[in-house]
Amino acid sequence: MLIEDQHPLNKSIMISVLGKPNVGKSSFINHLLGFDLTIVSNKPQTTRNHFHCAFTIDRTEVVLVDTPGVHSNAQELNKRMVGQAKMGSEGVDLNFILIDLTTNMVAEFKDFLKNFDAPLTRSWVIFTKADLVKLDEMNVEAVFNEIKSLSPSIEKYFVISSKDGHNIHELTGAIADTAESGPHLYPHGDVSNKNMRFFATEYIREQAFRLLKEELPYEIAVVIDEYKDIVKKETDPEAHISASILVNRPSQRAIVVGKGGMVIKEIGQNARKKIEAMVGGKVHLNLHVKVSPKWFNNNWVLDEIGLPRTQNSARVWRKK
Ligand SMILES: Nc1nc2c(ncn2[C@@H]2O[C@H](COP(=O)(O)OP(=O)(O)OP(=O)(O)O)[C@@H](O)[C@H]2O)c(=O)[nH]1
Ligand SMILES: [Mg+2]
(Lines give C-alpha, C1' and ligand atoms only; values in the text may rest on other atoms or scores of the structure.)
(Ligands and ions follow the chains in the order given, each with its own letter.)
Protein backbone atom coordinates (compact mmCIF):
# COMPACT_ATOMS: atom_id res chain seq x y z
CA MET A 1 0.00 0.00 0.00
CA LEU A 2 1.34 3.45 -0.88
CA ILE A 3 1.84 5.88 1.98
CA GLU A 4 -0.55 8.29 0.19
CA ASP A 5 -3.26 5.62 0.42
CA GLN A 6 -3.13 5.64 4.21
CA HIS A 7 -5.34 7.81 6.37
CA PRO A 8 -3.59 11.16 7.04
CA LEU A 9 -4.24 10.86 10.77
CA ASN A 10 -2.50 7.48 11.04
CA LYS A 11 0.06 7.17 13.83
CA SER A 12 2.55 4.42 14.43
CA ILE A 13 5.06 3.30 17.05
CA MET A 14 7.46 0.35 17.28
CA ILE A 15 8.47 -0.82 20.76
CA SER A 16 10.89 -3.59 21.70
CA VAL A 17 9.89 -5.68 24.72
CA LEU A 18 13.12 -6.60 26.49
CA GLY A 19 14.14 -8.18 29.79
CA LYS A 20 15.56 -11.19 31.57
CA PRO A 21 13.94 -14.62 30.87
CA ASN A 22 10.54 -15.33 32.46
CA VAL A 23 9.75 -11.72 33.48
CA GLY A 24 6.49 -11.86 31.50
CA LYS A 25 7.38 -10.27 28.14
CA SER A 26 5.24 -12.57 26.00
CA SER A 27 2.34 -12.57 28.50
CA PHE A 28 2.39 -8.76 28.46
CA ILE A 29 2.29 -8.70 24.64
CA ASN A 30 -0.61 -11.18 24.51
CA HIS A 31 -2.51 -9.12 27.09
CA LEU A 32 -2.17 -5.98 24.95
CA LEU A 33 -3.03 -7.84 21.72
CA GLY A 34 -6.07 -9.45 23.31
CA PHE A 35 -5.19 -12.99 22.21
CA ASP A 36 -2.43 -15.56 22.67
CA LEU A 37 -0.23 -14.95 19.63
CA THR A 38 3.16 -15.43 21.23
CA ILE A 39 3.99 -18.47 23.36
CA VAL A 40 4.20 -18.41 27.14
CA SER A 41 5.40 -20.95 29.70
CA ASN A 42 6.42 -21.03 33.35
CA LYS A 43 9.94 -22.06 32.29
CA PRO A 44 12.60 -19.47 31.35
CA GLN A 45 13.92 -19.09 27.78
CA THR A 46 10.60 -19.92 26.11
CA THR A 47 10.83 -17.27 23.36
CA ARG A 48 13.77 -17.88 20.99
CA ASN A 49 13.22 -15.40 18.11
CA HIS A 50 12.43 -11.72 17.83
CA PHE A 51 9.28 -10.87 15.88
CA HIS A 52 6.55 -8.27 15.50
CA CYS A 53 3.18 -8.42 17.26
CA ALA A 54 0.95 -5.60 15.95
CA PHE A 55 -2.34 -4.13 17.12
CA THR A 56 -4.16 -0.83 16.77
CA ILE A 57 -5.64 1.69 19.19
CA ASP A 58 -7.99 3.83 17.06
CA ARG A 59 -5.69 5.24 14.31
CA THR A 60 -2.49 4.28 16.13
CA GLU A 61 -0.65 1.13 15.14
CA VAL A 62 1.50 -0.34 17.92
CA VAL A 63 4.15 -2.86 16.86
CA LEU A 64 5.55 -4.69 19.87
CA VAL A 65 8.70 -6.70 19.23
CA ASP A 66 8.79 -9.86 21.34
CA THR A 67 12.34 -10.94 22.16
CA PRO A 68 14.08 -13.80 23.98
CA GLY A 69 15.09 -13.20 27.59
CA VAL A 70 18.61 -11.83 27.90
CA HIS A 71 20.86 -14.33 29.71
CA SER A 72 24.41 -15.70 29.72
CA ASN A 73 25.12 -19.15 28.31
CA ALA A 74 28.01 -20.26 26.12
CA GLN A 75 25.88 -22.61 23.98
CA GLU A 76 25.46 -21.45 20.37
CA LEU A 77 21.64 -21.58 20.60
CA ASN A 78 21.69 -19.25 23.62
CA LYS A 79 24.20 -16.85 22.11
CA ARG A 80 21.97 -16.52 19.07
CA MET A 81 18.87 -16.04 21.25
CA VAL A 82 20.55 -13.12 23.02
CA GLY A 83 21.60 -11.87 19.57
CA GLN A 84 17.90 -11.90 18.65
CA ALA A 85 17.05 -9.78 21.70
CA LYS A 86 19.67 -7.21 20.70
CA MET A 87 18.45 -7.19 17.09
CA GLY A 88 14.89 -6.75 18.38
CA SER A 89 15.93 -3.51 20.05
CA GLU A 90 17.48 -2.04 16.89
CA GLY A 91 15.63 0.67 14.98
CA VAL A 92 12.67 0.87 17.36
CA ASP A 93 11.08 4.10 18.63
CA LEU A 94 11.07 2.99 22.25
CA ASN A 95 12.30 0.10 24.43
CA PHE A 96 10.22 -1.43 27.19
CA ILE A 97 12.49 -3.04 29.79
CA LEU A 98 10.40 -5.49 31.80
CA ILE A 99 11.45 -6.21 35.38
CA ASP A 100 9.72 -8.81 37.58
CA LEU A 101 8.61 -7.22 40.88
CA THR A 102 9.15 -10.51 42.73
CA THR A 103 12.90 -10.54 41.99
CA ASN A 104 15.96 -8.61 43.20
CA MET A 105 15.14 -5.87 40.70
CA VAL A 106 18.26 -3.68 40.66
CA ALA A 107 20.57 -6.73 40.48
CA GLU A 108 18.42 -8.19 37.68
CA PHE A 109 18.56 -4.90 35.77
CA LYS A 110 22.38 -4.73 36.10
CA ASP A 111 22.62 -8.30 34.84
CA PHE A 112 20.35 -7.42 31.90
CA LEU A 113 22.26 -4.25 31.04
CA LYS A 114 25.71 -5.86 30.92
CA ASN A 115 24.69 -7.74 27.76
CA PHE A 116 24.38 -4.51 25.78
CA ASP A 117 27.63 -2.96 24.49
CA ALA A 118 26.03 0.33 23.44
CA PRO A 119 23.74 2.32 25.77
CA LEU A 120 20.04 1.66 25.25
CA THR A 121 18.07 4.30 23.40
CA ARG A 122 14.85 5.84 24.75
CA SER A 123 13.32 3.41 27.27
CA TRP A 124 10.52 2.92 29.78
CA VAL A 125 10.71 0.43 32.63
CA ILE A 126 7.70 -1.84 33.06
CA PHE A 127 7.55 -3.57 36.44
CA THR A 128 5.56 -6.79 35.99
CA LYS A 129 3.55 -9.30 38.08
CA ALA A 130 2.04 -6.64 40.38
CA ASP A 131 -0.62 -9.18 41.40
CA LEU A 132 2.07 -11.25 43.15
CA VAL A 133 3.39 -8.54 45.51
CA LYS A 134 2.10 -6.14 48.17
CA LEU A 135 2.70 -2.82 46.42
CA ASP A 136 1.95 -0.72 49.51
CA GLU A 137 4.83 -2.42 51.31
CA MET A 138 7.31 -1.69 48.48
CA ASN A 139 9.13 1.45 47.39
CA VAL A 140 9.03 0.98 43.63
CA GLU A 141 9.90 4.66 43.07
CA ALA A 142 13.24 4.20 44.91
CA VAL A 143 14.02 1.07 42.87
CA PHE A 144 13.19 2.96 39.68
CA ASN A 145 15.47 5.88 40.63
CA GLU A 146 18.36 3.48 41.23
CA ILE A 147 17.74 1.83 37.86
CA LYS A 148 17.45 5.17 36.10
CA SER A 149 20.80 6.27 37.54
CA LEU A 150 22.37 3.30 35.73
CA SER A 151 20.75 4.06 32.37
CA PRO A 152 19.87 7.72 31.77
CA SER A 153 17.88 6.98 28.58
CA ILE A 154 15.10 5.61 30.83
CA GLU A 155 12.25 8.11 30.99
CA LYS A 156 9.53 6.67 33.21
CA TYR A 157 8.03 3.54 34.69
CA PHE A 158 4.76 1.67 34.96
CA VAL A 159 3.72 -1.05 37.41
CA ILE A 160 1.50 -3.59 35.68
CA SER A 161 0.02 -7.07 35.87
CA SER A 162 -0.77 -9.13 32.79
CA LYS A 163 -2.84 -11.45 35.01
CA ASP A 164 -5.37 -8.93 36.32
CA GLY A 165 -4.76 -6.01 33.93
CA HIS A 166 -3.45 -3.65 36.64
CA ASN A 167 -2.47 -0.29 34.98
CA ILE A 168 -2.61 -1.74 31.45
CA HIS A 169 -5.18 0.87 30.43
CA GLU A 170 -2.93 3.73 31.62
CA LEU A 171 0.01 2.22 29.77
CA THR A 172 -1.83 1.81 26.45
CA GLY A 173 -2.96 5.44 26.77
CA ALA A 174 0.65 6.56 27.28
CA ILE A 175 1.75 4.49 24.24
CA ALA A 176 -0.91 6.11 22.04
CA ASP A 177 0.10 9.59 23.27
CA THR A 178 3.75 8.92 22.45
CA ALA A 179 3.16 7.55 18.92
CA GLU A 180 3.91 10.00 16.13
CA SER A 181 2.21 10.55 12.77
CA GLY A 182 3.25 7.95 10.25
CA PRO A 183 2.04 5.15 7.99
CA HIS A 184 1.02 1.76 9.37
CA LEU A 185 3.44 -1.10 8.76
CA TYR A 186 0.56 -3.60 8.67
CA PRO A 187 -2.26 -1.65 6.96
CA HIS A 188 -4.18 -4.80 6.03
CA GLY A 189 -4.54 -6.01 9.59
CA ASP A 190 -1.69 -8.55 9.58
CA VAL A 191 -0.37 -9.06 13.08
CA SER A 192 3.20 -10.22 12.54
CA ASN A 193 6.22 -10.31 10.23
CA LYS A 194 6.41 -14.09 10.89
CA ASN A 195 4.21 -16.46 8.89
CA MET A 196 1.94 -19.36 9.84
CA ARG A 197 4.83 -21.85 9.41
CA PHE A 198 6.67 -20.06 12.21
CA PHE A 199 3.67 -19.91 14.53
CA ALA A 200 2.91 -23.60 13.86
CA THR A 201 6.40 -24.51 15.13
CA GLU A 202 5.92 -22.20 18.10
CA TYR A 203 2.59 -23.73 19.12
CA ILE A 204 4.10 -27.23 18.92
CA ARG A 205 7.09 -26.08 21.00
CA GLU A 206 4.75 -24.40 23.51
CA GLN A 207 3.11 -27.76 24.20
CA ALA A 208 6.52 -29.42 24.51
CA PHE A 209 7.50 -26.75 27.08
CA ARG A 210 4.25 -27.43 28.94
CA LEU A 211 4.46 -31.23 28.98
CA LEU A 212 8.18 -31.99 29.18
CA LYS A 213 10.41 -31.58 32.21
CA GLU A 214 13.96 -30.73 33.27
CA GLU A 215 16.40 -30.24 30.38
CA LEU A 216 14.08 -31.62 27.70
CA PRO A 217 12.28 -28.40 26.66
CA TYR A 218 15.71 -26.85 26.07
CA GLU A 219 16.90 -29.78 24.00
CA ILE A 220 14.02 -29.79 21.54
CA ALA A 221 13.48 -27.75 18.40
CA VAL A 222 10.63 -27.91 15.89
CA VAL A 223 11.08 -27.74 12.13
CA ILE A 224 8.41 -27.86 9.42
CA ASP A 225 8.95 -30.63 6.86
CA GLU A 226 5.94 -29.71 4.71
CA TYR A 227 3.26 -27.01 4.89
CA LYS A 228 0.46 -27.10 2.33
CA ASP A 229 -2.45 -24.66 2.16
CA ILE A 230 -5.43 -26.43 0.65
CA VAL A 231 -7.86 -23.91 -0.83
CA LYS A 232 -11.12 -25.70 -1.63
CA LYS A 233 -13.30 -22.74 -0.66
CA GLU A 234 -12.12 -19.20 0.26
CA THR A 235 -14.24 -19.36 3.41
CA ASP A 236 -12.94 -22.75 4.48
CA PRO A 237 -9.14 -22.77 4.52
CA GLU A 238 -7.32 -25.98 5.33
CA ALA A 239 -3.66 -26.68 6.05
CA HIS A 240 -1.69 -29.94 5.95
CA ILE A 241 1.41 -29.70 8.11
CA SER A 242 4.20 -32.22 8.71
CA ALA A 243 6.66 -31.21 11.39
CA SER A 244 9.59 -32.80 13.20
CA ILE A 245 10.44 -32.40 16.85
CA LEU A 246 14.23 -32.63 17.06
CA VAL A 247 15.75 -34.10 20.21
CA ASN A 248 19.38 -34.35 21.27
CA ARG A 249 19.54 -38.02 22.40
CA PRO A 250 17.75 -41.29 21.50
CA SER A 251 16.47 -41.66 25.12
CA GLN A 252 14.70 -38.28 24.74
CA ARG A 253 12.90 -39.56 21.66
CA ALA A 254 11.16 -42.22 23.78
CA ILE A 255 10.07 -39.60 26.34
CA VAL A 256 8.64 -37.22 23.73
CA VAL A 257 6.75 -40.07 22.04
CA GLY A 258 5.55 -41.36 25.44
CA LYS A 259 3.97 -44.67 26.37
CA GLY A 260 1.83 -45.82 23.45
CA GLY A 261 2.48 -42.44 21.77
CA MET A 262 0.47 -40.61 24.45
CA VAL A 263 2.80 -37.60 24.88
CA ILE A 264 3.25 -36.78 21.20
CA LYS A 265 -0.49 -37.24 20.73
CA GLU A 266 -1.23 -34.64 23.41
CA ILE A 267 1.35 -32.23 21.99
CA GLY A 268 -0.21 -32.64 18.55
CA GLN A 269 -3.84 -32.30 19.65
CA ASN A 270 -3.26 -29.15 21.70
CA ALA A 271 -1.00 -27.49 19.12
CA ARG A 272 -3.45 -28.32 16.31
CA LYS A 273 -6.32 -26.52 18.11
CA LYS A 274 -4.22 -23.35 18.42
CA ILE A 275 -3.01 -23.51 14.80
CA GLU A 276 -6.61 -24.06 13.63
CA ALA A 277 -7.74 -20.96 15.50
CA MET A 278 -5.07 -18.93 13.73
CA VAL A 279 -5.60 -20.48 10.27
CA GLY A 280 -9.37 -20.11 10.69
CA GLY A 281 -10.00 -23.61 9.36
CA LYS A 282 -9.11 -27.27 9.58
CA VAL A 283 -5.52 -28.38 10.16
CA HIS A 284 -4.03 -31.84 9.66
CA LEU A 285 -0.91 -32.04 11.79
CA ASN A 286 1.55 -34.87 11.38
CA LEU A 287 4.32 -34.95 14.04
CA HIS A 288 7.55 -36.98 14.04
CA VAL A 289 10.38 -37.10 16.57
CA LYS A 290 13.91 -37.17 15.15
CA VAL A 291 17.24 -37.50 16.93
CA SER A 292 19.57 -34.72 15.84
CA PRO A 293 22.57 -34.87 18.22
CA LYS A 294 23.65 -31.46 19.53
CA TRP A 295 21.26 -29.62 17.17
CA PHE A 296 21.67 -26.56 19.46
CA ASN A 297 25.22 -26.11 18.15
CA ASN A 298 24.35 -26.98 14.55
CA ASN A 299 24.39 -24.05 12.15
CA TRP A 300 21.95 -25.64 9.70
CA VAL A 301 19.29 -26.29 12.37
CA LEU A 302 19.77 -22.88 14.01
CA ASP A 303 19.37 -21.16 10.64
CA GLU A 304 16.27 -23.25 9.93
CA ILE A 305 14.62 -22.15 13.20
CA GLY A 306 15.31 -18.50 12.38
CA LEU A 307 18.43 -17.92 14.46
CA PRO A 308 21.19 -16.58 12.23
CA ARG A 309 24.73 -16.36 13.59
CA THR A 310 25.72 -13.36 15.66
CA GLN A 311 29.01 -11.57 16.34
CA ASN A 312 29.56 -13.89 19.33
CA SER A 313 28.94 -17.08 17.33
CA ALA A 314 31.55 -19.84 17.33
CA ARG A 315 33.75 -19.83 14.23
CA VAL A 316 33.27 -23.46 13.24
CA TRP A 317 30.04 -25.43 13.35
CA ARG A 318 29.44 -29.10 13.07
CA LYS A 319 28.08 -29.82 9.58
CA LYS A 320 24.85 -31.80 9.44
N1 LIG B 1 1.10 -13.84 38.39
C2 LIG B 1 1.56 -13.39 37.23
N3 LIG B 1 2.25 -14.21 36.43
C4 LIG B 1 2.70 -13.71 35.26
C5 LIG B 1 2.47 -12.38 34.84
N6 LIG B 1 3.07 -12.20 33.64
C7 LIG B 1 3.62 -13.39 33.31
N8 LIG B 1 3.41 -14.30 34.28
C9 LIG B 1 3.87 -15.70 34.32
O10 LIG B 1 5.29 -15.70 34.22
C11 LIG B 1 5.74 -16.83 33.47
C12 LIG B 1 6.62 -16.35 32.31
O13 LIG B 1 5.83 -15.63 31.40
P14 LIG B 1 6.32 -15.34 29.89
O15 LIG B 1 5.35 -14.38 29.34
O16 LIG B 1 6.54 -16.63 29.15
O17 LIG B 1 7.71 -14.65 30.18
P18 LIG B 1 8.81 -14.18 29.12
O19 LIG B 1 9.47 -12.98 29.72
O20 LIG B 1 8.23 -14.03 27.77
O21 LIG B 1 9.81 -15.41 29.18
P22 LIG B 1 10.93 -15.87 28.08
O23 LIG B 1 10.30 -15.95 26.74
O24 LIG B 1 11.33 -17.22 28.60
O25 LIG B 1 12.05 -14.89 28.17
C26 LIG B 1 4.48 -17.56 33.01
O27 LIG B 1 4.24 -18.61 33.91
C28 LIG B 1 3.41 -16.50 33.11
O29 LIG B 1 2.11 -17.03 33.33
C30 LIG B 1 1.73 -11.52 35.72
O31 LIG B 1 1.47 -10.34 35.46
N32 LIG B 1 1.29 -12.10 36.89
MG1 LIG C 1 8.68 -14.94 25.97
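I began with serine 41, where a backbone N or O atom lies 3.4 Å from an oxygen atom of ligand 1, a polar contact in the sense of a pair of N or O atoms within 3.5 Å. The protein covers 91% of the 650 Å² of accessible area that ligand 1 has on its own, the areas coming from the Shrake-Rupley method with a 1.4 Å probe.

Before going further I noted that this is a predicted model, in which local features need pLDDT of at least 70 and side-chain atom pairs count only at pLDDT 80 or more, while totals for chains, interfaces and linings use all residues. Residues are numbered from 1 along each chain as its sequence is written, chains are lettered from A and ligands numbered from 1 in the order in which they are written, and side-chain values use heavy atoms, with hydrogens and water left out.

Staying with ligand 1, I found a backbone N or O atom of serine 26 at 2.9 Å from one of the ligand's oxygen atoms, and a polar backbone atom of valine 23 at 3.2 Å from an oxygen atom of ligand 1. I then listed the surroundings: 22 residues surround ligand 1, the closest being Lys25, Ser27, Gln45, Thr46 and Asp131, where near means having a heavy atom within 4 Å.

Serine 26 belongs to helix α1 (residues 25-33) and threonine 47 to the loop between α1 and β2 (51-57), so that the pair, 21 residues apart, links distant parts of the chain; helices (H or I, at least four residues) and strands (E, at least two) are DSSP runs numbered from the N terminus.

I checked burial as well: serine 26 counts as buried because its relative accessibility is 7%, and threonine 47 counts as buried because its value is 7%. Buried means under 20% relative accessible area, exposed over 50%, and partly exposed in between (1.4 Å probe, protein chains only).

Finally I looked at phi. Most residues other than glycine have a negative phi. Glutamine 45, in the loop between α1 and β2, has a positive phi near 65°. Lysine 129, in the loop between β5 (123-128) and α4 (140-150), also has a positive phi, near 65°, and counts as partly exposed because its relative accessibility is 22%.

Conventions: Polar contact = N/O pair within 3.5 Å; in protein donor to acceptor, adjacent residues only side chain to side chain.
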